[in-house]
Amino acid sequence: MTSFQSINIETQIPAELLIAQIMQLHASISKLESLRPCKQVNSLFTHLVKLCTLPSSIDIEALPQEVQHMRESLINLCGHAEGLLELEFSTFISLTPEPLNNATLFPYYGNYVKLANLENKIIKENGVVNAKKVAFVGSGPMPLTSIIMATHHMESTHFDNFDIDEKANEVARKIIASDAALEKRMKFETRDIMEVRERLGEYDCIFLAALVGMSREAKVKILGHIRKYMKEGGILLVRSAKGARAFLYPILEERDMVNFEVLTIFHPTNDVINSVVLLRKPKA
């Protein structure tokens with residue numbers, strides 16, 4: 001296998017070479033008995049992430065069917081591995097005396113800080129200042145975006161975090177409980193967002209995690225549901241992916257943003273993975 005270290009990151013990696021290497025990594029990851037964090041798992045996914053953030057002009061929609069199927073499988077594997085990593089780490093720090101202080105030790109904490117800084121900047125540039133209530137959909141066991149936003153950018157905002165996994169919420173609550181002031185304005189609910197209706201109208205801004213709605217059809221359905229119940233003039237921030245990053249996360253295309261006003265679509269070129277899509281529900 002050609003190593004990604006041997007490629008000059010200032011020049012674009014040819015699509016054929018990129019796909020060949022990603023397919024080899026997918027084959028290796030697929031053979032693993034478990035995706036729980038360990039040296040081999042961490043090494044393969046680190047290699048994959050670095051490969052997918054190299055400059056490339058790959059057109060995901062133009063890929064052959066075989067590669068499309070591999071991509072769908074890889075996104076599912078990445079999502080599963082990410083969930084296991086977050087659960088293991090959050091469970092570990094929840095047992096320490098000051099778990100919130102130890103959140104900075106999470107392997108991708110720096111990426112979350114960069115993404116939160118970017119999202120905060122985009123939100124404020126589009127008029128969301130002093131938000132009273134924010135919802136984060138798909139917060140998981142390690143709710144770093146909510147933590148960073150609440151402690152660095154939205155210091156008086158109330159956060160409601162929704163996740164379908166009670167175990168994830170249980171661990172997240174333990175971490176937040178170590179800060180009494182933060183605990184008062186950060187709640188965790190075990191709910192499928194498709195079952196949350198009128199309450200969605202309470203939020204000034206709603207965040208939708210990249211792995212909520214793994215297929216295009218599921219994502220579009222969720223967007224339609226949130227749009228129906230969110231407040232007029234309310235903001236929805238959706239995480240997406242572009243180019244080779246779409247081997248890690250699902251894509252949200254502009255044609256999927258039905259009946260929304262598209263405020264911003266930002267695609268990063270540094271080590272941040274997710275694109276940021278900012279939408280507004282038009283006023284009637």
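Let's start at one spot: N161 stands opposite F188 in strand β3. This is a predicted model, where local features need pLDDT of at least 70, side-chain atom pairs count only at pLDDT 80 or more, and totals for chains, interfaces and linings use all residues. Residues are numbered from 1 along each chain as its sequence is written, and side-chain values use heavy atoms, with hydrogens and water left out. Helices (DSSP H or I, at least four residues) and strands (DSSP E, at least two) are numbered from the N terminus.

Back to that spot. Strand β2 (residues 158-163) runs parallel to β3, and 5 bridges join them. Strands of a sheet pair through backbone hydrogen bonds, either parallel or antiparallel; here, two strands count as paired if DSSP finds at least two bridges between them.

Now zoom out to the whole sheet. It is open, has 7 strands in the order β3-β2-β1-β4-β5-β7-β6, and its pairing is mixed. At the edges sit β3 (186-190) and β6 (261-266), each pairing on one side only. From one strand to the next, the twist averages 20°.

Next, follow strand β4 (205-208). On one side, β4 pairs with β1 (residues 133-137) in the parallel sense over 4 bridges, and A135 has I206 as its bridge partner. β4 is also joined to β5 by 4 bridges, again with the strands running parallel, and there I206 stands opposite L236. Which way do the β4 side chains point? C205 and F207 go one way, I206 and L208 the other, and all are buried (buried means under 20% relative accessible area, exposed over 50%, and partly exposed in between, using a 1.4 Å probe and protein chains only).

Helix α5 (residues 109-125) lies across β4, β5 (235-240), β6 and β7 (275-280), running at about 30° to β7. Helix α7 packs on the sheet too, touching β2 and β3, and its direction makes about 165° with that of β3. For these angles, axes are lines fitted to C-alpha atoms, for helices over the stretch in contact, and angles run from 0 to 180 degrees between N-to-C directions. Contact means heavy atoms within 4.5 Å.

α7 (residues 166-176) also meets helix α3 (residues 65-94): their axes come within 9 Å and cross at roughly 35°. Who makes the contact? From α3 come L87, S90, T91, I93 and S94, and from α7 come K167, V171, K174 and I175. By type, these residues divide into 4 nonpolar, 3 polar and 2 charged (Ala, Val, Leu, Ile, Met, Phe, Trp, Tyr, Cys and Pro count as nonpolar, Asp, Glu, Lys and Arg as charged, and the others, Gly among them, as polar).

What about disulfides? The structure holds 0 of them, a disulfide being a pair of cysteine sulfur atoms within 2.5 Å. Take C52: its closest cysteine sulfur is in C78, 7.4 Å away, so the two are too far apart for a bond. C52 counts as buried, at 0% relative accessibility, and C78 counts as buried as well, at 9%.

Finally, look at two loop residues. N130, in the loop between α5 and β1, has a positive phi of about 55° although it is not a glycine. N130 is exposed, with a relative accessible area of 67%. N259 lies in the loop between β5 and β6; it is not a glycine either, yet its phi is positive, at about 65°. At 51% relative accessibility, N259 counts as exposed.
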